[in-house]
Amino acid sequence: MGKRITDSVTWVGKVDWELKEFHGHEYSVRRGTSYNSYLVKDEKVALIDTVWAPFAKEFVRSLSNEIELKNIDYVIAQHGEIDHSGALSELMRQIPDKPVYCTQNAIRSLKGQFHCDWNFVPVKTGDVLELGAKKLIFVEAPMLHWPDSMFTYLTGENILFPNDAFGQHYATELLYNDLVDENELYTEAIKYYANILTPFSPLVTKKINEVLGFSLPVDLICPSHGVIWRDDPTQIVKKYLEWASQYKENRILIVYDSMWNGTRLMAESIAKGIVEQDKSVTVKLMNAAIEDKNDIMTDVFRAKLVLLGSPTVNNGYLHSIGGLLEMMKGLKFKAKKAAAFGSYGWSGEAVAQLSNGLKGAGFEVLNDGLRLTWMPDSDGIAKCMEFGRAIAEQTADDLKI
Ligand code: FEO
């Protein structure tokens, strides 16, 4: 059953409580998600987005309980990724002649994925679709987060449908931001931003300022995942502006992997040195091999300084650290400092390689790193603590709270 949002808008999406991984195995999901689809009824009827492919039949069946499918006049496909377009094939089989409004890039992505020849109507920023008393205004949002993405604004009820932007992987039957646990909501919202939107931060700032420049009133923000922002809806817009501006907190993250605990002991000793030097900073240790990669990326996003540690094995570093380095490079974190450390037995290449990898990922690397042989003894532990103290001192003024 659909859920009434306003006189003209009904939520007709799918809450997916079971989802554990998204984007294949790339994004861990802790609290489920939703694929939000919205039916807008005026003299004309528009459907904004659909749901993920496995729920296509269920979606179309439930939609047909809400409205006779032939009475849908316009299908709006804001984004071609299959968590929103996955039910289009099932739907378009039943209403093959109805126009599909989307960006020119979405025509390419939809055709590329579904090999379809639907009645596409390409739209650009500022194009208007009259529904009767109300109208839909389209805003292209390329690379937020695909080239085909767009936002849609409903006049009269002042609703922004920003597709993936401002979303969260968060399942709830309660629908609105003011009805759910705020900590859970923001935990998921920042994880979503850190792991999906960080590389596009300059475009986030630009697009938000462009939309703010239209001076349109916004009473509701209805993203394609998670809750609808109803209470102080622009709070998430302000948060995005903050997150998009080289975001960091007064936190130091130590990410390491270890084979026989030498590098773990180094990590813990470095942490002690940091805290000894600066009691205001939050230090967090995460073992790359056992912690979730997306949680680690969220903590990288929040940190001002990231210390990366690995023992040397086979003349290199451990694969868990290599995977994270690749993710950090792709996410293009800005204005973050870093350093490397690790224990070794004979060749000891890992630390220099990690330092180079961090530089390549855009981090400001503070020193040549700290290498110790075998298991740190009391001298080694003292060196780690000194390394921690020095690094805390070097970053003490970066950001104090
Ligand atoms: Fe980019 Fe929710 O899909």
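This is a predicted model: local features need pLDDT of at least 70, side-chain atom pairs count only at pLDDT 80 or more; totals for chains, interfaces and linings use all residues.
**Helix H5**

I looked up the ends of H5, which covers residues 182–197. Its end C-alpha atoms are 21 Å apart. At 1.5 Å a residue, its 16 residues should span 22 Å, so the two values agree.

I checked the N-terminal end of H5 and found Asp181 as its cap. A side-chain oxygen of Asp181 lies 2.9 Å from the backbone nitrogen of Asn183.

Next I asked how many of the 16 residues of H5 are buried. Twelve are, which leaves the helix mostly covered. Among them are Leu185, Tyr186, Glu188 and Lys191. I listed what covers the buried residues of H5; the list includes strand E5 (27–28) and helices H6 (201–213), H7 (235–243), H9 (293–302) and H10 (319–331).

**Salt bridges**

I counted 20 salt bridges. Lys191 forms one with Asp295, with the closest N and O atoms 3.9 Å apart. Lys191 is in H5 and Asp295 in H9, so this pair ties together parts 104 residues apart in sequence. Lys191 counts as buried because its relative accessibility is 4%, under the 20% cut-off. I also noted a network of salt bridges that links Arg30, Lys191 and Asp295.

I then turned to Asp299, which is buried at 7% relative accessibility. Asp299 forms a salt bridge with Lys284, the closest N and O atoms being 3.0 Å apart. Lys284 lies in strand E18 (residues 282–287) and Asp299 in H9, so the pair joins parts 15 residues apart in sequence. Lys284 is partly exposed, at 31% relative accessibility.

Arg251 also forms a salt bridge with Asp299, at 3.0 Å between the closest N and O atoms. Arg251 is in strand E17 (residues 251–256), 48 residues from Asp299.

Note on methods: Residues are numbered from 1 along each chain as its sequence is written. Side-chain values use heavy atoms; hydrogens and water are left out. Helices (H or I, at least four residues) and strands (E, at least two) are DSSP runs, numbered from the N terminus. The expected span of a helix is 1.5 Å times one less than its number of residues. Buried means under 20% relative accessible area, exposed over 50%, partly exposed in between (1.4 Å probe, protein chains only). Contact means heavy atoms within 4.5 Å. A polar contact is a pair of N or O atoms within 3.5 Å; within protein, one must be able to donate a hydrogen and the other to accept it, and residues adjacent in sequence count only if both atoms are side-chain atoms. A salt bridge is a side-chain nitrogen of Lys or Arg within 4 Å of a carboxyl oxygen of Asp or Glu.
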